[in-house]
Every structure is written in structure tokens, then in C-alpha cells.
Amino acid sequence: MASQSQGIQQLLQAEKRAAEKVAEARKRKNRRLKQAKEEAQEEIEQYRLQREKEFKAKEEAALGSHGSCSTEIEKETQMKMSTIQDNFQKNREKVLNNLLMFVCDIKPEIHMNYRING
């Protein structure tokens, strides 16, 4: 009997060691999977950045000097705005006087389309 219990103890210990080895193997596998996933994410990010950089370069080549066009348009707009402001200041009094004259000087007349019944 002693040899049987000793054999059983050895089997239990062997089973315990095997379970520990299996658990350790699972941990290693999970670590490797996690590491592979992180490496894949990093590689994807690098590829995305590379493609984005290429796209920006092609876009810049296709659009040309878009920045200089916008600054030129901005200058032209400022020039037009200053011209409009100058014209406004010059003609302000004249326009106000004309409006007041038309509003205040009323000359009642019969409209030419009005018919007198008779």
C-alpha cells in the first residue's frame, strides 16, 4: 500500500507539474499574441503615416502654389475694400442730401394713368 500511495503521490505531482507547464505555455502564448498584435498595430500606423505623407506630396504637386493664390486674393480683396470705403466716404453727403430732398420735397400730382369719370 505504501508503494501505491507513493505512486499516487508521484502521479499527482507529475500532474501538477504538467498543469503548471501548460499554464506557463498559455501565458507565453498570450504574451506572444499580445506582442504580435502591438507590432502589427505599430506597422499599420507606420504604413498609414507613409501613405498619408505620399498623399500630401501628390496633393501639393497637383494643387501647385495654392498658398500664394490665397495671399494674392487676400491682397486684392483688401484693395477692393479700401476702394469701396473711399467711395463711400466721398459720396456719403451727396447721397444723404438727395435722399432728404426726395423725402422732404413732395410735389403732389395726379398720375397719368388716373382717369376722371365724367
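Lys80 and Glu76 both belong to helix 2, which covers residues 66-104, and they sit 4 residues apart, about one turn of the helix. Their side chains meet in a salt bridge, with 3.5 Å from N to O. This is a predicted model. The protein has 2 helices and 0 strands, and 0% of its 118 residues are buried.

**Overall form**

- The radius of gyration of the protein is 46 Å, whereas a compact globule of 118 residues would have a value near 13 Å.
- Along the principal axes, the C-alpha atoms fill a box of roughly 145 × 50 × 30 Å.
- Within the chain, Lys75 and Leu100 are 25 residues apart, and 37 Å separates their C-alpha atoms.
- Helix 1 takes in residues 2-63, and helix 2 takes in residues 66-104.

**Surface and exposure**

- The accessible surface comes to about 12200 Å², and carbon and sulfur atoms account for 57% of that area.
- Buried residues make up 0% of the protein; a residue has to be under 20% relative accessible area to count as buried.
- Lys75 has its place in helix 2. Its relative accessible area is 60%, so Lys75 counts as exposed, the cut-off being over 50%.
- Arg32 lies in helix 1. This residue is also classed as exposed because its relative accessible area is 54%.

**Salt bridges**

- Side chains of opposite charge can pair when their charged atoms come close.
- How many salt bridges does a search of the whole structure find? The search gives 5.
- Glu24 pairs with Arg31 in one of them, and the closest N and O atoms of this pair are 3.7 Å apart. That distance falls within the 4 Å limit for a salt bridge.
- Glu24 has 33% relative accessibility and therefore counts as partly exposed.
- Glu45 and Arg48 form another salt bridge, in which the closest N and O atoms are 2.5 Å apart.
- Both Glu45 and Arg48 lie in helix 1, 3 residues apart, which is about one turn of the helix.
- Arg48 counts as partly exposed because its relative accessibility is 38%. Glu45, with a relative accessible area of 34%, is partly exposed as well.
- Glu52 joins Glu45 and Arg48 in a network of salt bridges.

**Charge on the surface**

- The protein carries 23 positive and 19 negative side chains. The centres of these two sets lie 9 Å apart.
- Which residues form a positive surface patch? They are Arg26, Arg28, Lys29 and Arg32.
- Arg32, a member of this patch, is the helix 1 residue described above as exposed at 54%.
- A patch of negative charge on the surface gathers Glu38, Glu39, Glu42 and Glu43. Among them, Glu42 has its place in helix 1.

**In short**

- The model has 2 helices and 0 strands, with a radius of gyration of 46 Å.
- Its charged side chains include those of the salt bridge between Glu24 and Arg31 and those of the network of Glu45, Arg48 and Glu52.

Technical notes: Residues are numbered from 1 along each chain as its sequence is written. This is a predicted model: local features need pLDDT of at least 70, side-chain atom pairs count only at pLDDT 80 or more; totals for chains, interfaces and linings use all residues. Side-chain values use heavy atoms; hydrogens and water are left out. Buried means under 20% relative accessible area, exposed over 50%, partly exposed in between (1.4 Å probe, protein chains only). Patches are made of residues with over 30% relative accessible area and no salt bridge: like charges are joined within 9 Å, nonpolar side chains (Val, Leu, Ile, Met, Phe, Trp, Tyr) within 5 Å. Accessible areas come from the Shrake-Rupley method with a 1.4 Å probe; for residues, only the protein chains shown count as cover. Lys and Arg count as positive and Asp and Glu as negative; His and the chain ends are not counted. The place of a charge is taken as NZ of Lys, CZ of Arg, CG of Asp or CD of Glu. The radius of gyration is taken over C-alpha atoms; the globule rule is 2.2 Å times the number of residues to the power 0.38.
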